[in-house]
Amino acid sequence: MSSFQALRIQYSSLLKQFLTSIKDFEVLTTIPPDHSAESETLYVLDSSFNPPTRAHLRIASTALLENPKPRPRLLLLLATQNADKPSKPASFEDRLVMMELFARDLRAHLESSPAFAGSGFTHSIETLPLIDIGVTKKPYFVDKAAAIEASGSYPVALEQVHLTGYDTLIRILDPKYYPPQHTLKPLEPFLSKHRLRVTMRPSDEWGGREEQLEYVAAIARGDRDGEGMHREWAERIQLVNGRAPTDRPVSSTRAREASKSAPQNLDWLVPEQVRRFVLSEHPYSGDSKV
């Protein structure tokens with residue numbers, strides 16, 4: 001049996017147990033399995049991981065290197081119910097396997113990064129961030145955050161920093177995702193103690209960098225008070241630059257397409273262990289487009 005098959009069997013069993021439990025959130029695995037380290041900050045990368053890409057790698061690594069002390073912790077979070085997307089083409093089991101492989105790739109990337117030695121990390125494998133592989137039954141952002149907080153998996157005082165893209169920020173601040181009243185009141189508990197680290201994505205749809213900065217500046221000025229936003233929320237939202245204009249665009253969609261038509265492109269689209277899994281197990285060999 002290959003190591004990939006063994007991992008799939010492991011995650012299939014863990015996922016089945018979770019789905020039949022009353023839990024809303026659970027950490028299935030920690031890479032490495034070290035539960036003694038204390039952290040003050042939990043970075044949360046909530047994605048479909050379909051598959052994990054080098055864009056995910058950049059978002060997570062830049063956040064972790066920004067705040068190396070005390071030892072940071074990262075949660076890779078997969079929702080088993082997604083508000084906008086069905087669970088295809090890769091199965092949840094395959095995605096969980098790729099999330100673990102991504103965690104290994106990320107730790108290797110951090111250890112080999114020139115920024116690692118100068119970031120404040122002690123140059124030792126023992127001080128690399130712990131990475132949790134977690135699942136939640138909650139489809140909406142604030143409910144996911146609340147489930148993490150209530151799970152008992154982390155200290156109550158642990159600050160969550162959710163790593164998102166600008167498009168996700170717009171959805172988070174959209175009242176339509178907060179039924180039945182469709183107000184932003186459900187965001188108040190989250191933004192009173194947790195934060196958002198938002199990667200800007202200049203595009204025709206979302207506007208340029210200055211427009212995206214202005215969106216948060218308008219919150220700070222009170223221009224959005226009438227929509228239920230609070231001025232102090234702007235202090236909890238950190239906008240950071242994304243890929244350079246000269247960088248090739250990386251996305252899960254491009255990686256899925258490359259796996260079927262241009263596998264050589266996976267070298268720059270996904271991290272190494274994820275690439276090996278995609279080429280070996282062919283999770284995107286079907287015709288589904290998600």
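Two strands are taken to pair if DSSP finds at least two bridges between them. Helices (H or I, at least four residues) and strands (E, at least two) are DSSP runs, numbered from the N terminus. By that count, the protein chain has 11 helices and seven strands.

Residues are numbered from 1 along each chain as its sequence is written, and side-chain values use heavy atoms, with hydrogens and water left out. As the model is predicted, local features need pLDDT of at least 70 and side-chain atom pairs count only at pLDDT 80 or more, while totals for chains, interfaces and linings use all residues.

Buried here means under 20% relative accessible area, exposed over 50%, and partly exposed in between (1.4 Å probe, protein chains only). Cover is found on both faces of β5: Glu159, Val161, Leu163 and Gly165 are buried on one side, and Gln160, His162 and Thr164 on the other. Strand β2 (residues 41-46) pairs with β5 in the parallel sense over four bridges, with Leu42 opposite Gln160. Strand β6 (residues 195-199) also runs parallel to β5, joined by five bridges, and Val161 stands opposite Arg195 in β6.

Turning to the helices, α3 (residues 92-112) and α11 pack at an angle of about 150°, with their axes 7 Å apart. Axes are lines fitted to C-alpha atoms, for helices over the stretch in contact, and angles run from 0 to 180 degrees between N-to-C directions. The two helices α3 and α11 are therefore roughly antiparallel to each other, a label given to angles over 145 degrees. Residues that meet across this pair include Val97, Leu101 and Phe102 in α3, and Val274, Phe277 and Val278 in α11.

Helix α9 (residues 252-261) has Ser252, Ala255, Arg256, Ala258 and Ser259 buried. Seen down the axis of α9, these buried residues fall within an arc of 160°, so they line one face of the helix; the arc is that of the directions from the helix axis to the C-beta atoms. The buried residues of α9 pack against α2, α10 (266-269) and α11 (272-281).

Within α2 (residues 54-66) lies Ser61, which is buried, with a relative accessible area of 5%. The side chain of Ser61 reaches the backbone oxygen of Arg58 at 3.3 Å. Leaving aside neighbours within four places in sequence, Ser61 is in contact (heavy atoms within 4.5 Å) with Leu106, His109 and Leu110.

For the protein chain overall, buried residues make up 47% of the 290 residues. Of its contacts with a separation of 6 or more, 76% are accounted for by residues 24 or more positions apart.

Key. Polar contact = N/O pair within 3.5 Å; in protein donor to acceptor, adjacent residues only side chain to side chain. Parallel < 35°, antiparallel > 145°, perpendicular 65-115°, else oblique.
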